[in-house]
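Reader: I would like to learn how to read a protein structure, one feature at a time. Could you take me through this one slowly?

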Amino acid sequence: MKITFYGHSSFSVKTGETILLFDPFISANPKAAHIDINKLEADYILLSHAHQDHILDAMAIAKRTGATIVSNYEITTWYEKQGHKKTHPLNHGGSWNFDFGRVKYVNAIHTSSFPDGSYGGNPGGFIVFLKEGKTFYYSGDTALTMDMKLYADDQPGLAILPIGDNFTMGVADAVKCADMVNVKEVMGVHYDTFGYIMVDHADAKAKFAAAGKNLHLPGIGESLEF
Ligand code: NI
Ligand code: MN
């Protein structure tokens, strides 16, 4: 699987010929000004929750690419009402077999209102079991929670975790989360985008390294192979 980071909590995963795009918030992120959302490909768009900094570009990309939006029931229903009918609703603890693999929607401790104030259901994360044999956990925006211990049973090889603190886990709790889900490889997200969530990269990497883990902080537009 190839992961490409698009800034904040936006990234895509390419598995075979299929592209999964997560939480696209790109066009309003000055740090991602070199990414053109009109050129991004997506077969599926997975949304962890309804906050603006996770859904901003979802509709534009879904309309242009015809991608299926995968999220909780309230979010997929909202997109259907806005005119995008290609959706797949999930709810917590549920999973579904797609052509690329299985997606499970799991718990997150956060909030989830839409920018217009409408109800975005409860926020979540995803465990994705790719048919190519790789499994990864994307926590979405969340606090550290004991539920994460359960996800170790799914044996993810990679976790994509927020590290920016203030609105989500910070570095110290993200290290604990990586321990709880039993992963060595972590990609950090939800940091440096705005003032509240600035992170000292060297210090963050050192804290993960001290726990025997690798923190990956790819540049915006950069790809990693796992
Ligand atoms: Ni959020
Ligand atoms: Mn967020």
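**Reading the model step by step**

Author: Let us start with one residue, S71, which sits in strand β5 (residues 68-72); here helices (H or I, at least four residues) and strands (E, at least two) are DSSP runs, numbered from the N terminus. This is a predicted model, in which local features need pLDDT of at least 70 and side-chain atom pairs count only at pLDDT 80 or more, while totals for chains, interfaces and linings use all residues. Residues are numbered from 1 along each chain as its sequence is written, chains are lettered from A and ligands numbered from 1 in the order in which they are written, and side-chain values use heavy atoms, with hydrogens and water left out.

Reader: Is S71 buried or exposed, and with which residues is S71 in contact?

Author: The general idea is a scale of relative accessible area, on which buried means under 20%, exposed over 50%, and partly exposed in between (1.4 Å probe, protein chains only). S71 has 0% relative accessibility and counts as buried. Contact means heavy atoms within 4.5 Å, and, leaving aside neighbours within four places in sequence, S71 is in contact with L47, T76, H88, P89 and L90.

Reader: How many helices and strands does the protein have, and how does its radius of gyration agree with that of a compact globule?

Author: The protein has six helices and 14 strands. The radius of gyration is taken over C-alpha atoms, and the globule rule is 2.2 Å times the number of residues to the power 0.38. With 226 residues, a compact globule would have a value near 17 Å, and the 16 Å of the protein agrees with this. The C-alpha trace spans about 50 × 35 × 35 Å along its principal axes. Of the 226 residues, 56% count as buried, and residues 24 or more positions apart account for 60% of the contacts with a separation of 6 or more.

Reader: Where in the chain do D141 and H190 lie, and what does the pair tie together?

Author: D141 lies in the loop between β10 (135-138) and α4 (148-151), and H190 in the loop between β12 (185-189) and α6 (201-210), so the pair ties together parts that are 49 residues apart in sequence. D141 is buried, with a relative accessible area of 2%, and H190 is buried as well, at 0%. Leaving aside neighbours within four places in sequence, the contacts of D141 include D53, H54 and H190, and also S9, H49 and T168.

Reader: How should I read a helix, and which residues of helix α5 are buried?

Author: An α-helix has 3.6 residues a turn, so residues three or four places apart point the same way. In helix α5 (residues 171-180), the buried residues are V171, A174, V175, C177, A178 and M180. These buried residues pack against β10, α4, β11 (158-162), β12 and α6. Just after α5, N182 takes a positive phi of about 60°.

Reader: Which loop holds H8, and which loop holds Q155?

Author: H8 is in the loop between β1 (2-5) and β2 (11-15), and has a positive phi of about 50° although it is not a glycine. Q155 lies in the loop between α4 and β11, and its phi is also positive, near 50°, in a residue other than glycine. H8 is buried, at 2% relative accessibility, whereas Q155 is exposed, at 67%.

Reader: Is Y196 buried or exposed?

Author: Y196 is exposed, with a relative accessible area of 60%, and its place is in the loop between β12 and α6. Leaving aside neighbours within four places in sequence, Y196 is in contact with G164, N166 and F167. Y196 and D165 are 31 residues apart in sequence, and 7.8 Å apart in space, C-alpha to C-alpha.
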